Amino acid sequence: MRIREIHLTPIAFRDPPLLNASGVHEPWALRTVVEVVTDEGVSGLGETYGDTSHLDRLRAAVPGLIGLEVHAHHALYARVAASIGTDVFVDQHGLTGAGSNQKTVDAVFSPFEVACLDIRGKAAGLRVADLLGGPVRDAVPYSAYLFYKWAGHPGAPEDRFGPALDPAGIVAQARLFVEEYGFGSIKLKGGVLPPDQEIDAVLALRDAFPDLPLRIDPNAAWTPATSIRVGRALAGVLEYLEDPAPEIEGMAQVAPEVPMPLATNMCVVTHDHLPPAIARRAIGVLLTDHHYWGGLLRSTQVAALCGTFGLELSMHSNTHLGISLAAMTQLAAATPNINHACDTHTPWQQGQDVVAPGALRFVDGAVPLPEGPGLGVELDRDALAVLHENYLKCGVERRDDTAYMRRTDPAFQPRRGHW
């Protein structure tokens with residue numbers, strides 16, 4: 001089967017005002033839906049970022065992929081790499097670590113590879129998890145992903161989630177997510193309030209949910225000294241501490257001084273970062289993300305390497321829709337050494353999606369592996385058209401949490417190694 005057509009559809013969907021160390025989410029989140037169609041009429045889906053600069057790189061890669069076999073993984077990667085050249089993409093929010101040429105190539109390649117695996121699975125009557133070695137679990141556990149947030153966007157009514165700016169608000173948000181989705185673990189996005197206030201929020205969560213694993217991610221907003229103080233204050237409370245301090249150097253200072261493992265999706269974000277991080281013993285848990293680790297097959301290779309060196313695994317989540325959730329679930333189902341529940345932003349999307357309902361659902365905090373071949377999801381073309389129209393009208397061309405925060409607080413500065 002050879003690639004005959006590739007369709008790229010940028011979309012926008014509503015996003016709540018979720019706070020983080022770089023600012024706050026804008027009212028519209030951007031994604032790009034990738035559809036690859038073969039000469040036999042079989043199509044496959046991928047999902048990726050929607051910033052204009054990334055979309056331009058996707059478009060530039062398309063001509064070189066037409067005519068290639070969907071099975072030709074290495075040839076597809078080489079064509080994408082050739083289209084990128086020496087280019088380096090650096091995101092505006094800085095929440096997924098430093099940019100590099102390899103990371104740029106991997107991020108552009110990923111949705112095309114996922115779509116080709118979707119095609120290969122459909123053609124063979126197999127799930128993508130089967131193509132990745134077979135599932136080791138029938139359902140993938142996800143974590144409740146909590147955020148400090150405003151009641152609503154400035155000038156807009158309060159959203160259904162309400163405000164969360166103190167421990168009581170965070171606990172209320174957790175109760176909502178646990179009751180609606182059955183999550184069995186909880187993650188708090190930190191780096192927003194002074195560290196002692198975030199310690200109080202974690203302790204409030206521990207009191208409210210004494211049997212659930214907890215984690216906090218301040219997105220490297222703390223100094224190593226503060227990270228050590230917080231880690232010791234939360235001894236026996238945290239499952240792991242995610243990206244407390246900047247860079248491998250900062251994490252390596254913290255790791256031997258705290259009682260829980262350190263996790264990252266910021267200081268180790270590409271293959272070149274693994275040797276120094278392992279040598280420095282800077283992390284104990286890697287949060288993989290197929291969107292910028294080069295797709296599903298390359299992510300399984302990274303997982304095997306982590307197993308060799310004793311690193312545990314979880315999975316990072318950016319704001320995403322159902323195609324990404326399906327790909328994440330297929331990958332996690334087929335990765336034996338995923339040791340922790342994966343992250344997901346799904347509850348925040350409030351039912352907005354581009355996949356037909358029914359294939360993806362949460363049962364006791366986990367997503368059962370879809371039964372259909374490939375990714376197991378189908379494109380809802382009416383929903384895609386609506387979200388594409390949103391994109392054309394919303395006026396947002398790239399995610400910029402800092403610029404949006406400065407509309408409310410002109411003096412705001414991103415918090416990296418700040419406290």
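**A helix with two faces, and what lies elsewhere**

Author: The face of helix H10 that is turned away from its buried side carries the exposed residues Gln 301 and Thr 308, where exposed means over 50% relative accessible area, buried under 20% and partly exposed in between, with a 1.4 Å probe and protein chains only. This is a predicted model, in which local features need pLDDT of at least 70 and side-chain atom pairs count only at pLDDT 80 or more, while totals for chains, interfaces and linings use all residues. Residues are numbered from 1 along each chain as its sequence is written, and side-chain values use heavy atoms, with hydrogens and water left out.

Helices (H or I, at least four residues) and strands (E, at least two) are DSSP runs, numbered from the N terminus. The 14 residues of H10, 295-308, should span 20 Å at 1.5 Å a residue, and the C-alpha atoms at its ends are 20 Å apart, which agrees; the expected span is 1.5 Å times one less than the number of residues. Gly 295, Leu 296, Arg 298, Ser 299, Val 302, Ala 303 and Cys 306 are buried in H10. Seen down the axis of H10, these buried residues fall within an arc of 160 degrees, so they line one face of the helix; the arc is that of the directions from the helix axis to the C-beta atoms. After H10 comes Gly 310, whose phi is positive, near 80 degrees.

Turning to the sheet, seven strands form an open one in the order E7-E8-E9-E10-E11-E12-E13, with parallel pairing, and two strands pair if DSSP finds at least two bridges between them. Its edge strands, each pairing on one side only, are E7 (144-147) and E13 (312-315). From one strand to the next the twist averages 25 degrees, the axes being lines fitted to C-alpha atoms, for helices over the stretch in contact, and angles running from 0 to 180 degrees between N-to-C directions. Strands E7 and E8 run parallel and are joined by four bridges, and Leu 146 has Leu 188 in E8 as its bridge partner.

Among the aromatic residues, a search of the whole structure finds 11 pairs, where rings of Phe, Tyr and Trp (its six-membered ring) pair if their centres lie within 6.5 Å, and planes under 30 degrees apart count as stacked, over 60 as edge-to-face and the rest as tilted. Tyr 142 and Phe 362 form an edge-to-face pair, 6.0 Å centre to centre with 70 degrees between the planes, and this pair links parts of the chain 220 residues apart. Tyr 142 counts as buried, at 1% relative accessibility. The rings of Tyr 181 and Phe 362 have their centres 5.2 Å apart and their planes at 90 degrees, so this pair is edge-to-face. Tyr 181 and Phe 362 are both buried, and one aromatic cluster includes Tyr 142, Tyr 145, Phe 147, Tyr 181 and Phe 362.
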